[in-house]
Amino acid sequence: MRILIADDDQQILRALRILLGARGYEVITAQTGAEALSQAVEHHPDLVMLDLGMPELNGIEVIEGLRGWSSVPILVVSGRTGSADKVDALDAGADDYVTKPFAADELLARIRALTRRQSSSSDEPAVRFGDVTVDLAAHQVLRRTADGESPVRLTPTEWAILEVLLRNPRRLVTRQALLTQVWGPQYTNDTGYLRLYLAQLRKKLEPVPSAPRYLLTEAGMGYRFSPDPEPGAE
């Protein structure tokens, strides 16, 4: 199981790496909020542990960024003990909150509880639209042809963009949110990247790339995945 730990205190990172590594967890670390988002996109951890007071992006901004595309369990480990901080973190999308200093046994118990909850719902259904089937768990895309289903090769960047959109069906995903999740917060003005990659995704997945049915552009705002209607829906 892979855990991403985001904290700007190197001693905390070192202690948690030793504690969790000794119990068989794979540990990835980040010392800034921006790095935490980048590591999450790259490594797809099974659990995220983060402090609230980090440089570049604070913990609340990291939580909001993660929740724009991921349901990964988030455990806040913070020295802030005020109820307002806890409420803000939970409202932003955190799953649990532990204050520093913490007891190792309690922390491990919280981790086990969150991962049990996640594993019970980890069998993600495939997303189907048109002739395309996307297996989010296996990172696989298939397209139905006259000869049967054929795999569609996506680049890591194309996959990252597609995953964000598919996890937010019918919801507007702003250009800034996509750029932040896929490339990092320093690229929020580089909208040319998105136009290029969306065009490539449409060529690979849309029935008529020049008239997209599923991967829609919301002019001046962002993009939206429009799935097929549910059976029986008007």
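Which residues line the second largest cavity? Ile5, Ala6, Asp7, Leu16, Met49, Leu50, Asp51, Val77 and Lys100 do. Strand S1 (2-6) and strand S3 (47-50) are the elements that give two or more residues to this lining.

The model is predicted, and local features need pLDDT of at least 70, side-chain atom pairs count only at pLDDT 80 or more, and totals for chains, interfaces and linings use all residues. Residues are numbered from 1 along each chain as its sequence is written, and side-chain values use heavy atoms, with hydrogens and water left out.

A cavity is a set of points, on a 1 Å grid over the protein atoms alone, where a 1.4 Å probe fits but cannot get out; lining residues have an atom within 4 Å of a point. Points are joined across faces, edges and corners, and a volume is the space filled by probe spheres set on them. Helices (H or I, at least four residues) and strands (E, at least two) are DSSP runs, numbered from the N terminus.

Two cavities of 30 Å³ or more are counted.

| Cavity | Volume |
|---|---|
| Largest cavity | about 50 Å³ |
| Second largest cavity | about 30 Å³ |

The largest cavity is lined by Val41, His44, Trp69, Ala160, Glu163, Val164, Gln181 and Val182. Helix H6 (156-166) and helix H7 (175-182) each give two or more residues to that lining, and H6 has the largest share, three residues.

For residue classes, Ala, Val, Leu, Ile, Met, Phe, Trp, Tyr, Cys and Pro count as nonpolar, Asp, Glu, Lys and Arg as charged, and the others, Gly among them, as polar. The lining of the largest cavity has five nonpolar, two polar and one charged residues. In the second largest cavity the lining has six nonpolar, no polar and three charged residues.

How values were computed. On a 1 Å grid over the protein atoms alone, a cavity is a set of points where a 1.4 Å probe fits but cannot get out, and a pocket is an open set with protein on both sides within 12 Å along at least five of seven lines; lining residues have an atom within 4 Å of a point.
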